[in-house]
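Dear colleague,

Please find the structure below, handed over for your reading. My notes on it follow directly after.

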Amino acid sequence: MTSTVQRITVSPARRYSVVAGRRWPVEVRPAPGELLSSWLHRVAHANGVPPRYFGAVLGVAGETWSAQLDRHLPDAVRRFLLDHTSICPDEIDGLCLANSPLSTLRLRLRTRPQDAGTSTAQSCWLQFCPTCLREDEVPYFRRSWTLATRLSCFRHGCRLRDRCPSCGQSLAPFRQARLMSQQTCVFCDAPLTKPTGMVGQGIRRLERLVDDLVRLDTAGRVQDDQKSLAARLAKFPVPVGRARSTLPHLSHALRHDFFRRLSEGRTGIEKQKVHGPQTLWTRLANAAENHSGVVGVLADRLMETAGLERTSSPKPPDLTTLLQAAVRLLEGRRFPVEAWQVV
Ligand SMILES: [Zn+2]
Ligand SMILES: [Zn+2]
């Protein structure tokens with residue numbers, strides 16, 4: 001008698017480690033300009049681990065584990081990430097803030113960053129552009145949003161935020177215990193994408209000038225050079241009511257208000273000594289008013305350095321292009337950087 005039961009063929013699958021090696025199942029590529037902690041949260045999310053518990057996977061303790069890694073990535077964690085993802089050493093180093101010459105200008109990280117929500121004057125460790133987060137295919141946080149001199153999004157022209165528009169707490173994506181997108185507040189679940197208004201033209205001019213000059217000034221300098229423009233801006237006192245603080249310790253609202261007063265010629269530091277350090281802010285604000293003049297001076301100096309005669313052009317030179325050319329010249333010839341600073 002012949003059996004009518006259908007036979008089932010079972011063939012053993014290849015072991016995961018044979019197929020994928022030691023890598024985690026889902027690969028996540030870093031986005032342009034992404035911050036290390038943002039990438040880590042996305043890696044965790046894609047592989048089914050809420051960010052709050054991913055620090056333990058990496059062997060990192062502390063509530064703010066990923067924000068700490070932004071500022072210091074231990075060798076053991078770096079090797080672990082290189083081992084379990086397809087990221088290459090140069091890429092992972094580029095995501096960190098630790099090796100950046102602008103580290104002194106980064107917003108300060110508190111042990112419990114959500115405490116910043118209790119004081120609207122205190123800085124938060126991370127800002128964000130709500131429109132960028134809304135438009136991102138997969139929302140992510142940018143390294144440039146950690147700079148204290150950044151007030152607006154250079155892409156959209158709108159103000160950044162440093163707190164949830166609903167509950168007022170600072171961002172804490174490392175605390176997220178559920179598999180939620182980074183565009184959602186950890187504390188109240190509200191979307192972080194509520195739009196902000198545009199920044200004023202005067203503020204934007206000053207912000208761009210400071211950003212360009214700081215980047216130019218860092219060329220050829222060693223990290224943590226206390227004479228760099230970034231270090232000087234980071235430690236110069238900013239008047240806040242009757243008190244004084246420094247830019248990396250102030251909230252977005254106070255920094256925006258300071259830049260607005262500077263751009264309107266109301267610095268609150270007029271009575272300082274003529275050669276006091278605070279006058280640098282005033283000089284920068286005055287230079288920003290004459291932005292095209294600064295561009296012209298830079299163009300002349302670059303032409304002179306390159307040994308070329310200036311040609312008349314119907315189109316005004318682009319400052320970003322000029323600064324990039326200047327950086328190449330400075331790196332190649334070790335030209336004294338101080339010569340390019342606005343005086
Ligand atoms: Zn934006
Ligand atoms: Zn919230």
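Is Asp189 buried or exposed? Asp189 is exposed, because 12 other C-beta atoms lie within 10 Å of its own. For this term, a residue counts as buried with 20 or more other C-beta atoms within 10 Å of its own, exposed with 12 or fewer, and partly exposed in between, the C-beta atoms being placed from the backbone.

Before the remaining findings, a word on conventions. This is a predicted model, in which local features need pLDDT of at least 70 and side-chain atom pairs count only at pLDDT 80 or more, while totals for chains, interfaces and linings use all residues. Residues are numbered from 1 along each chain as its sequence is written, and chains are lettered from A and ligands numbered from 1 in the order in which they are written.

Confidence and overall make-up

The predictor's confidence in each residue, pLDDT, runs from 0 to 100. Its mean over the protein chain is 83, and 76% of the residues reach 70 or more. Over residues 333–343 the pLDDT is below 50, although this stretch has 19 contacts in the model beyond near neighbours in sequence. Where pLDDT is low, the predicted coordinates should not be read in detail.

The protein chain holds 13 helices and 2 strands; these are DSSP runs numbered from the N terminus, with helices (H or I) of at least four residues and strands (E) of at least two. Of its 343 residues, 34% count as buried. Two residues are taken to be in contact if their C-beta atoms, placed from the backbone, lie within 7 Å. Among contacts between residues at least 6 apart in sequence, 65% join residues at least 24 apart.

Among the buried residues of helix 8 are Ile203, Leu206, Leu209, Val210 and Leu213. Just after helix 8, Gly220 takes a positive phi of about 80°.

The loop between helix 7 and helix 8

Asp189 has its place in this loop, and its phi is positive, about 70°, although Asp189 is not a glycine.

Cys164 is found in the loop between helix 7 (130–135) and helix 8 (201–218). Cys164 is buried, because 24 other C-beta atoms lie within 10 Å. Leaving aside neighbours within four places in sequence, Cys164 is in contact with Gln169, Cys185, Phe187, Cys188, Ala190 and Leu192. The C-alpha atoms of Cys164 and Cys188 are separated by 8.7 Å, with the two residues 24 apart along the chain.

Trp145 also belongs to the loop between helix 7 and helix 8 and is buried, with 22 other C-beta atoms within 10 Å. Beyond neighbours within four places in sequence, Trp145 is in contact with Leu126, Gln127, Phe128, Arg150 and Leu160. Trp145 and Leu35 are 110 residues apart in sequence and 9.0 Å apart in space, C-alpha to C-alpha.

Ser181 lies in the loop between helix 7 and helix 8 and is partly exposed, with 16 other C-beta atoms within 10 Å.

The hairpin

Strand 1 (residues 237–240) and strand 2 (residues 243–246) run antiparallel and are joined by 4 bridges; strands pair if DSSP finds at least two bridges between them. Val238 stands opposite Ser245, and Pro239 stands opposite Arg244. The hairpin has 2 residues between the strands, and Gly241 takes a positive phi near 65° in it.

Yours sincerely
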